[in-house]
Structures are given as structure tokens and as C-alpha cells.
Amino acid sequence: MANPLGRYSSGSTHVPDYQHDGHTLIPRIGRPSSALASEVLGSNNDLLGRYFVENRVPVPFEDLSPHLVSALISTEDIRFRDHCGIDGRAVARVIIRTVLLSDQSGGGGSTVTQQLAKMLYSDRNFKDMNKVQKTFKLIYIKLREWITAVKLERAYTKEEIISMYLNKAEFVNNAFGIHAAAEVYFNKDQEALNIQESALLIGMLKNPSYYNPNRFPERGIKRRWVVLSQMKKNKVLTESQYDSLKVLPLGLQFRAVNFSDDKAPYLCDYLEKIVRDSLLELPECRRRDGSKYDIYRDGLKIYTTIDPVYQAHAEAAMMEQMKKIQARFFQVWKGRDPWTHRTGDATDEEIQGRKESLWKLVREGERFATLWPKFMDASVEKIKKRNDYELRSIDMERMLNEEKTPGSIAKMLIAKPTPFVTSEQATAYRRIMASKEWPDAKAQYRALTAAIKKQYAQPVKMKIFTWTNSKLEKETVMTPMDSLRYHRMFLQSGILAVDPTSSEIKAWVGGVNFKYFQYDHIQTRRQVGSTFKPFVYATAIAQQGISPCFEVYDNPVTIPARYMNFEHYTDWTPRNSTQTYSGARPNLKEALKNSVNTVSAYLMRQLGSTEPVRGLCDKLGIDSARQENGRYLILPGSPSMCLGAADLTPYEMTGAYAAFANKGMYGVPFVINRIEDKNGRVLWRSVPEEHAALAANADWVMLEMLQYNVKGAPGINTLKSQVGGKTGTTNNFTDGWFMGITPRLVVGTWVGGEDRWIRFLSLNDGQGSRMARPIFASFISRLEKDPKSGYDFNARFVRPTGDLMIETNCAAYESSLGPAGDEEDFAPDIYNDELDKDGDGPRKPTRPDDSFGDQLEGG
């Protein structure tokens, strides 16, 4: 799970290294080991996130703030430079004042070295001991710590001991070591700590929980006074410095270590899995002894291509747009229920499926998991013992459904394209349902269901996501079910920015807020709509030399069943989303700009097969043969692919479009530059992959067409950059896309709901030009205006040398567009990218829903 400075892993943090010496245990003095956080770093080495058991990053002595060192020595061990691990004068003071005179103000006698020995090796477990036993063990421990302190002084320099001490110290609030403490309490690097900040942190060492300044600020101030006073006493501070510093406020900039505050949280969550489960498994990424590195303990450095400035601007652009369209979304859906709302083609089964999806989310939730053992553990154990099957909630649902609707399991077994259950599962279900344990299991599950439904109907105090304040959350009273529905109604976004010249990923935004919505939409497979059409056009231009000025009538185009090398079984005649055909004769530039479906169908028919387009997709990094759940992502032989009937990810689409901006050369987008161990040894380094995907002349034609697509588009017409792009909108306005390209940055943007019925109700609201394109325009505008970004808005696409062999001057193609009165202006975005699923005649065009009301979300 991600958190602001990293990810957590459970487990012990340190195993002392002991050696036996007769009847005593004396620590073997070697380099002390602690669990070190692994860091994800941006292209400028800025920290993006961490993975850790302990949020700890070691700091060498030479990098420590001198204020920390002087505060530590003044407060904890003024004769640190002079003793050999044990301060005789301090020990004598403790014996006389504390032991003999019972003066508790006499202070402690432990040196910094002794305290380090205690941190590293001491076992102070007095459980089940009486007073005498505790006393003898404490004396024994103290003697052993003294011996250890002397050994440490002989093994290390004074500077190394100071460094080890401050790196090992704990400061509560998941701050392990001085580096993390400075970040958590003051939101800065420890090198930048001033005197009073250093004094506060050093003061915490006496008892971090008791002097926790975030929870007990008055205690923190008093303890800081003590440290400042010791610094004055030992001539580190002058009287005037002390007087001015002691009255200052704490000045905390507290940042709790939680999972939602990474600079690139979705990326860090993705990298955690890739590095841990894939890269660190490689033979070349192991230690020299063959053992595997631990991402949570071994202090790895993961250097990425992410530019923190680009990342920040991408997130700001996303938030600006998503806040606006979410407000509009709540207005549109006021008084309507997305889980029961019927559109013209919604079936009863679909409505039922929506409702069941909520129950599925309940079953996947923490509350359900908490109740499961209470109601089901006994039944699960009995069934496992008799039937050798580990019962899950989905199994119970399927078997209960079989009782309600006999034959449902059989249907799941033969479902196409992929069965929902295996034959082994079906056999197990029948065996369990026939067993004597089934009635009890069924009764317990129904009791569990009743209990969880009651719990989900009970209003409770909670925090929920909101766009209405800067914290992006608010407290309210709401039932868990209403909370579930409320959060599912938020539109999501996925944004990926790639440098087309190097294939480096510069920004990765996987959703609107990682704390509340952790699914990464960079990896979401959604229908891509008209953003797929440039692949069809590029194929036709490359293979047949068609000019972008070539004109095609906007009339019905039919590809007969089994025509040439197509494999569809019935005649296919797609329609424009207006449900009409203009009869006009747009050229290819106009047709692509306005997503005219009939022209895409015409080009597909001219190609005579889907294979040329699939072949180009393969070259552009899109695996056309890939299947998921037994279903092709790009269906072979189906001409509907030309309208965007393909489920692809923003990662795949952005990589493919980057080739258009890179002279037809496709490079695999990558985000990890290299991985190093804590000593700087390179474990893994990326090797850029690039190959030719599209001939340079055809690529240039596509660049001109993509630039023509966005000519005059709102938000883009004010940019300084040379820009091209394509919008995409899918069936029922479920997905909005914009693929934008500049010479130095290609950005793929998707907007939609996590559930496909979470969508706008009209093209006016739900098209890609309204939902996704403004994010791109704002992102590029922010980069252009920020001199620190380094973004080159003066860069221009470079035309290939020589004759293109393809006519791009449309003066040569001017001709009549048809009879007067039959022509229609092709204004931007009047065409939706909806696919004609049934092909059974025209449907009534959907009308925009312009009704306004109070925001569902409120204040």
C-alpha cells in the first residue's frame, strides 16, 4: 500500500548479532544493520516515494546539520569527544546524586555511545520477573552495554557513532532516523534544519512519545527550552541567541506518514509490484551470494524518468478539469440513480448486474472481511475437511443462485468466450450442496448477509472525498452503502506523458486521488473510440499512397459478410452518431477531424482485411493477438475495429501516438532508468527499445492531419507549441479520450467512470473534447508558462527530406461537395464515436441534457 513517503511491509526490523563468550552474551561488533527504506527518485533525483518497514534513510556524518550535532552533544554527552565510551564523571554523578542522595534531577549517566549500544543490542524484556530478578538483569544489561560501548568506540570514529545514533533513533509518527524526522515534523531535509528545529528533535530523544510535539506541543516547547539552555550553558549559543530562540513557536510543518501523499502515488504503487515481483527476481538483480534483495529493507534506489515538475503540472491540470466536470456530472444525475436508470437499450439483466456490482463491492470490503470469521469460519473448516475445498463468498453466491435458478452453474460452465467456473469448481459445488454441512453453511451465510446489510444501512461518522475544499475530503454522517455509491459516482482519469524522442515517461497520473481511489487507470482497458482511427488512416496512406486530400462521399458503406478477407457473418453498415448521412464529400483530413464513421469504413473496405491495421498496431506496441478472459482485445477479421472497437490502455495508446511524433519510429515507453543497491551498485538498467513502425512520408502526412484535427480547438488555439491530436468518445459517452502530440511531449488522457454506467447522458457533456482535451490543453499551457519546466515549446516537427510521394496540397483536390442543399458543414465534434452494435436501422439521436440543479455533493 502506498503512503506519502512510502509503502509499508510487516515484519521484524532488526536481529541482534550475538556471540557466546562462556556464560555471557557479548554482542559481536560489526556494522550495525537497520531496515532501510527504498526510494523512488525522479529524473532530477527528487524523492517521489518510499517503500519501507521502517521509514529510515541513512545520513552520513558529513551531511548532518551541524546544529543537530551541537545540540546532541550539548544535551546528551558534553564530554563525547573525550571519553572512550563511558563517562566516568557522569557515572560518579549518578551514583552520588541519584543512588545515594535520591536526587532524581541528577540526570542520566549514559553517553551517546552507550545509548547507541542500547539501541543496537540491548534486550530489556523484564516480563514475568520479580523485583530482585529485574534488578540483577538490569545490572547485567548495564555492564554489557558498557562493554559494548567501549567496543563501539574502538571499532568506529566519533563521527560514525554520531551518525549511527541519529540514524537509528526513533521519533514516533513513523519517523525512523533523523532524515525522516526532519521530513515528518518540518517537511524539509535535515540539512536545512535551523537551531530551534534541531533542538526540538534532539529533545525528543529522551522520550519520543512523551515529547511528541504534534500531540503535546507544550511538552515539546519545554523540552526544547532544556536543549537550548544546554547549548547556551556549553557556549554553543550566546545569551541573546538563547533569549530570541526560546520564545519562538514550534513552527511544525507536520506531515503524517500515510499512503496518499507520494508525489506520484499511482506510479509508486505500480513500481512496487514491478520491482518486487519481477525485476528483483532476475538473476542479475540478486546479491553476489544469490540471495534476493528486499525492497522494504535494503535501501534500494529506483531512479525513474518522471520529471517532478511535469508530474505536478499534470496533476494540477487534471484536478482543475475533473473538479469542473464532476460538478456538472452531479447536476446531470440529480434525482436519478445510475444503478437503476434506463437508457433506450438497457436490459433487465444489465440493471440487475449493476445492482449486483454493489453487493460485490460490499463483499470485497473490510467490514465484510471482519464479519466473515465470526459467521463462516466453522462452516468453512468443516467443508474443507470433508470436501477439500476452501469456501469463499463468491462460491456461496453461486451455490445460492443455483438453488434459486437451477442450471445456473451449468451455464457458467459453458459461458463464452470464457467459462465463469471450471469443471472442478462445478463438481465441488454440487458435492458441497449435497453434503450435510450445506444447510448450516447456507444459514450462516444468510446470517452474515443480514448482519452486513444492517451494518451498511447504519449511518456513521466518516470522511469522504470531495472536490469542494483544498484537503479533498470532509467529515460527514452517512451510511456505508451511501458512501460506497457516492464514491463510485466520481469520474476518474488516467494521464500519461511521454517524451517521443527518448520514450521516457515524464508524468503518470493514474486517478483523481490515490487515498480514496487506488485503481490505476494508466493500466485500465477501455474502448478507445475514434482515437483508433489514425491507425486505419495511417495504414491506408502507407500501403496505398492515399492523399489526405482524397475525397469520400458520406454515404452508407457496406462491407458484405465474408467480404475478401473479413470474417464477420452478416453485412456490416456502420452509421454516424447523428444517425444520418450528409451526402457531402469530405476529404480524409476533414473526415478524420470530424470522426466520420462512413469514411473509416470506406478505408477499411479498401484495405480488404483487418490484418494490415493489426500489423501496424503490432509495430506500434499494441499486441493485436492479445486475449483476456478468452476475448481478443482487437477482434481479428472484424471491420468494426476501424471505429475503435478495441479495448486498450492509456499506456498502449500513448506509446503508439508517440511514434507519430518521432518520425514513425516506435520506442517502448519506460519509466525506470536504473536500480541501485544502498552502496551504489547498479542492479538493473533500462535498455531503450526502438524500431521503425511507419514510413517517414506516411508519418508526416499523419502529423499534418493530426495537427489539422485540433486547429482552432478551444484551449489548444492559444498554445505556443506545435500540437496535433485526436479525440475519442465511446458508446453511451462511457469513455472520453484525447491523444495529444507535440514535438517534445505526447500525452494520452482518458476520462470515465470506474463502472461503465457512470457516465454522462448526452454527447454535449460526454464527448472526449469536453472531458479529456481540456486536461491536455491545461497541462501543456502550464508547462509553457513555467520556466523551470524546461519544456521546449519552440520545437517543431521535422519534415522528411525529398519528395513525399503523397500529395498534401489540397488545391489539387478541390471539387464539388455535392448538390446544393445536400452539403453540411463539418463543425468540430459533431460526430460521436459510438459503434453501431446492432446494425438494425436508425435510432433517434440522443439529445443533450441541459437540466441544471443543485450539486449532489453540496458544500
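**Salt bridges and a helix pair**

Q: What makes Glu197 count as buried?
A: Glu197 has 9% relative accessibility, so it counts as buried (buried means under 20% relative accessible area, exposed over 50%, and partly exposed in between, with a 1.4 Å probe and protein chains only). A word on the source: this is a predicted model, in which local features need pLDDT of at least 70 and side-chain atom pairs count only at pLDDT 80 or more, while totals for chains, interfaces and linings use all residues. Residues are numbered from 1 along each chain as its sequence is written, and side-chain values use heavy atoms, leaving out hydrogens and water.

Q: Why is Lys188 called partly exposed?
A: Its relative accessible area is 25%, so Lys188 falls in the partly exposed class.

Q: What makes the pair of Lys188 and Glu197 a salt bridge?
A: Their closest N and O atoms are 3.0 Å apart, and a salt bridge asks for a side-chain nitrogen of Lys or Arg within 4 Å of a carboxyl oxygen of Asp or Glu. Glu153 and Lys158 form a salt bridge too, with the closest N and O atoms 3.0 Å apart, and both of these residues are buried. By this rule the count comes to 40 salt bridges.

Q: How do you know that Lys292 and Glu281 meet in a salt bridge?
A: The N to O distance is 2.5 Å, and the limit is 4 Å. Lys292 is partly exposed because its relative accessible area is 32%, and Glu281 is partly exposed because its relative accessibility is 36%.

Q: Which buried residues does helix H16 have, and why are they said to be on the same side?
A: In H16 (residues 423-433), the buried residues are Gln425, Ala426, Ala428, Tyr429 and Ile432. They cover an arc of only 160 degrees around the axis, so they lie on the same side of H16 (the arc is that of the directions from the helix axis to the C-beta atoms). Helices here are DSSP runs (H or I, at least four residues), numbered from the N terminus.

Q: Why is H14 called roughly perpendicular to H16?
A: H14 and H16 pack at an angle of about 65 degrees, with their axes 11 Å apart. That makes H14 roughly perpendicular to H16, because angles of 65 to 115 degrees count as roughly perpendicular, under 35 as roughly parallel, over 145 as roughly antiparallel and the rest as oblique.

Notes:
Helices (H or I, at least four residues) and strands (E, at least two) are DSSP runs, numbered from the N terminus. Axes are lines fitted to C-alpha atoms, for helices over the stretch in contact, and angles run from 0 to 180 degrees between N-to-C directions.
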